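Please keep the sequence and the 3D view open while going through the points.

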Amino acid sequence: MGIAENRRWLRRAGEARLEYGADYNPEQWPREVWPDDVRAMRAAGVTIVSVGIFSWARLQPGPEQWDFAWLDEVLDLLHGGGILADLATATASPPPWLTTAYPEILLVDQHGNTVWPGGRQYWRPTSPVFREHALRLVRELATRYAGHPALAAWHVGNEFGAHNCHDYSEDAATTFRHWLRHRYGTLTVLNRAWGTDFWSQRYTDWGQIIPPRQAAAQINPACLLDFQRFSDYALREHYRAERAVLRKLTPAIPVTTNFMVMPGVKRMDYAAWAGEVDFVANDHYVTPGPQARDELSFSANLTGNLAGGQPWFLMEHSTSAVNWQPVNLAKQPGELARDSLTHVAHGADAVCFFQWRQSRAGAEKYHSAMLPHAGEQSAVFRAVTDLGKRLAALHEVAGTARVPADVAILFDWESWWVAEQDSHPTDRLRYHQEALDWYSALLDLGVRADVVPVGSNWERHRLVIAPILHVVPDYLADRLAAFVDAGGHLVTTYFSGIVDQNDHVWLGGYPGALRELLGIRIEEFGPLPDGVSVALDDDTTGTLWTDHVEVTDPATEILAGYRTGDQAGRAAITRRAVGSGSAAYVSTRLAPAGLATLLPRLLEPAGVASELPPELRGRVELAVRDGHRFLINRTGEPVDLGVDGLLPANGVAVIPR
Ligand code: GLA
Ligand code: GLA
């Protein structure tokens, strides 16, 4: 069920609006503060808050003790103020009494050490004891609040896998074996899939299989891949168990959990999670650096496509500084609104922050919030209030779908996992960065692209870019070939098409799965040492990787060759014409500037043109939802939009179309 079919979190029938709010942690404050919170929320234009995410210890102070009175009061106050609740199941962090009574719910690390309580989310995804206690809490909450008028949605757990994705406990070992039995059926099949004749790893009994705990040498890569798949699945199973309770007790209330579509977070396959939530919700925090804005846009774009182009919920971002980077920079004037509206531009129908009121105590007291330590007389609160007004004025945007772009960038979590495993030609390869670089280059050219999961319906795009599409099972190779045969244009890069779903190399020359489609053959990889670059004859520069490319098909043209380095005089970038379609290969890392030079030659045959006038290309990002165009300033300077006026630095113009 997508959000389009179930918009119950909007709750007010007939009144489309963009939701606005934050995580609300009233248990950190005396009750006297709560009515004032609601008053200030109303002043800021808040419409929804996520409540109870870390409230388990307050809701269930002991095994047979429950205390809902405070939450009753909070929800009643919110409702009185016309504010909806995205109510947490409160299972993100178990209370000390539970971990003391049942230490067997605690996570175990790779070395076999217990991960102790003291932080948060230290539970084993596969612990039956944890599951039982968590579901009991969910039942109590759902039963009590089923009919509460503030209840708009359920927020299961919090950021699944943020801290507890990989658990190496005995519970994990048992469930991992079950999962493997289900996947492979017999040990013969598993032994083949894992290539266990390598290093004498052949299993003769399921009980011999353990999670990939700390080992003396490199661990079997197929085991690592399956353990990653399993770890993602195990958390999803926990989510589904909580959801089953909620669906039974409150069938009309949509259920979600917050994703973390961000460069540093690769553990969860959100393409798989997207099918499990009633509406997609994401958390995003800016990664400082030259591509900070582009990465925000990339994340929002991918999230919007995980949501199938339908509206989604920005569950968390920050009003200003976070507190978990080495140096935590405050946002500059205008950035709060620009960041929020960039998410809206890519389909967010809700803009929420972590958190409402900045904590006085605890590990996140220096993390910004809607209501900072300084109080309402502050630039942050004024910016928050201004954004509330702006979102209210943009109510017509609510409910509208993203307008698809001509270009797609394929995103594949399995390729991310496998391409960055150890014992590879280089450990410097960065999957997410390569995908982001293509996205940045397209932004530089003023060309819209959709970042889409590899399992989605990308055939409708004219040009499909598949950066480091490393894992290519048979069916995917067939799909890519059929796309090109039907006139589609494909571009892929170094280290793509190398292995199958078991991380077994396709033989006969690289990139085995795509060799014929690309009309090339590579016998050896040529990764580059740090600091070494190679010049191409189109005046671009490659780093990280080169290949010894042999052109094997007369229909394959060389778009650029290497001018320097070990491959000097050989092909660097190729394109094979297939009817009216084509399949291109880029054998080095060009970074955004080089890709922006190359891209026009790939876009043109695909018939893709910029939707922006030349003077705005690169300076402005264009995103389109049904009925509105969003023009986002990518520079630190004002940009003249002509008839559409002046776009201030960090400005976002929303223009009806
Ligand atoms: C995550 C968590 C929040 C909070 C923020 C801080 O998104 O879900 O509870 O810790 O990070 O940035
Ligand atoms: C050592 C080992 C071999 C192999 C090579 C790889 O020499 O004895 O089994 O692992 O390293 O370089």
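1. I begin with the stretch that follows helix α1, where G45 takes a positive phi of about 85°; helices here are DSSP runs of H or I with at least four residues, strands are runs of E with at least two, and both are numbered from the N terminus. Please keep in mind that this is a predicted model, in which local features need pLDDT of at least 70 and side-chain atom pairs count only at pLDDT 80 or more, while totals for chains, interfaces and linings use all residues. Residues are numbered from 1 along each chain as its sequence is written, chains are lettered from A and ligands numbered from 1 in the order in which they are written, and side-chain values use heavy atoms, with hydrogens and water left out.

2. Helix α1 itself covers residues 33-44, and its 12 residues should span 16 Å at 1.5 Å a residue, which agrees with the 16 Å between its end C-alpha atoms; the expected span is 1.5 Å times one less than the number of residues. Its buried residues are V33, W34, D37, V38, A40, M41 and A44, where buried means under 20% relative accessible area, exposed over 50% and partly exposed in between, with a 1.4 Å probe and protein chains only. These buried residues pack against β1 (19-24), β2 (48-51), α3 (69-80) and α12 (379-393).

3. Helix α14 (residues 431-445) can be checked in the same manner: its 15 residues should span 21 Å at 1.5 Å a residue, and its end C-alpha atoms are 22 Å apart, which agrees. Because 13 of its 15 residues are buried, α14 is largely enclosed by the rest of the structure. Just after α14, G446 takes a positive phi of about 70°.

4. The protein chain is divided into domain 1 (19-109 + 117-163 + 235-397), domain 2 (407-603) and domain 3 (614-656), with bounds that come from an automatic or database domain assignment. The C-alpha centres of domain 1 and domain 2 lie 38 Å apart, and 19 residues of domain 1 are in contact with 19 residues of domain 2, contact meaning heavy atoms within 4.5 Å.

5. How much space lies in the largest pocket? The value is about 620 Å³, and of the 23 residues that line this pocket, Q28, F54, S93, G119 and R120 are the closest to its centre. On a 1 Å grid over the protein atoms alone, a pocket is an open set of points with protein on both sides within 12 Å along at least five of seven lines, a cavity is a set where a 1.4 Å probe fits but cannot get out, and lining residues have an atom within 4 Å of a point. Helix α2 (residues 56-59) gives the most to the lining of the largest pocket, with 3 residues.

6. The structure also holds 6 cavities of 30 Å³ or more, and the largest cavity has a volume of about 150 Å³, a volume being the space filled by probe spheres set on grid points that are joined across faces, edges and corners. Of the 20 residues that line the largest cavity, the closest to its centre are H346, R448, A449, L622 and A623. The largest share of this lining, 5 residues, comes from β21.

7. The second largest cavity has a volume of about 40 Å³, and its lining consists of P125, T126, C165, D167, A172, F230, S231 and A234. Helix α8 (residues 221-249) supplies the largest share of that lining, 3 residues.
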